[in-house]
Amino acid sequence: MKKSEKEEFVAWLKGELENAPAIVLADYRGLTVEQMTALRSKCREAGVSLRVAKNTLTKIAIEGTPFEPVKELLTGPVALAWHGEDPGASARVLVEFAKIKTNQDLEIRGGAISGRVLTADQVKNVLATMPSREELLAQMAGLLYAGPQKLHAVLSAGPNKLGRVIAALKEKKEAA
């Protein structure tokens, strides 16, 4: 790779990572070409960017970004995964891919979100289980809809209960 190509790559990667909310790092040693191709296609389907780059170029690219603390994880072959908007998307794809019995050679090393370094366990148990943007919007819509619905139920419960009490008193007096 020529020096100009390296500079272009570093500038591109820095621009991508400055806009990403989170990044996940994984060791891909042991995966076959077919498995890596499958991983790349799963990432593409989810809108996740997956790159394998030289660690020295990656270290240069992450300088000045919120992901600078992950430099310590950049040893040996490392694949970087990130999504432009959804912080949990890259973790979900990689963790899901690694759960498949034939793909257990993919090892999550760690990650970062908002300048905070995450361990491999945190990536698997926290970041990968975060709901997506669409799921959060659906939950918010449900909460907004539930408020007026519950208010209506509370307000209508009073007259309904009063009507039942009057009907019970009427039946009691008729029986007597």
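Within β4, E107 is the bridge partner of D27. The model is predicted, so that local features need pLDDT of at least 70 and side-chain atom pairs 80 or more, while totals for chains, interfaces and linings use all residues. Residues are numbered from 1 along each chain, and side-chain values use heavy atoms, without hydrogens and water.

**Exercise 1.** Determine which strands pair with β4, and in which sense.

Solution. Begin with strand β1 (residues 22–27), which runs antiparallel to β4 and is joined to it by 6 bridges; strands are DSSP runs of E with at least two residues, helices runs of H or I with at least four, and pairing requires at least two bridges. Next, strand β5 (residues 116–119) pairs with β4 over 4 bridges, also in the antiparallel sense, with T119 in β5 as the bridge partner of G110. The hairpin of β4 and β5 has 2 residues between the strands, and there S114 takes a positive phi near 50°. Finally, β4 itself (residues 107–113) is mostly covered, with 5 of its 7 residues buried (under 20% relative accessible area, 1.4 Å probe, protein chains only).

**Exercise 2.** Describe how α1 and α3 are placed relative to each other.

Solution. First take the axes, lines fitted to C-alpha atoms over the stretch in contact, with angles from 0 to 180 degrees between N-to-C directions: those of α1 (residues 3–19) and α3 (residues 55–62) come within 8 Å and cross at roughly 50°. Then list the contacts (heavy atoms within 4.5 Å): K6, F9, V10, L13, K14 and L17 of α1 meet L57, T58, I60, A61 and I62 of α3.

Note on methods
Buried means under 20% relative accessible area, exposed over 50%, partly exposed in between (1.4 Å probe, protein chains only).
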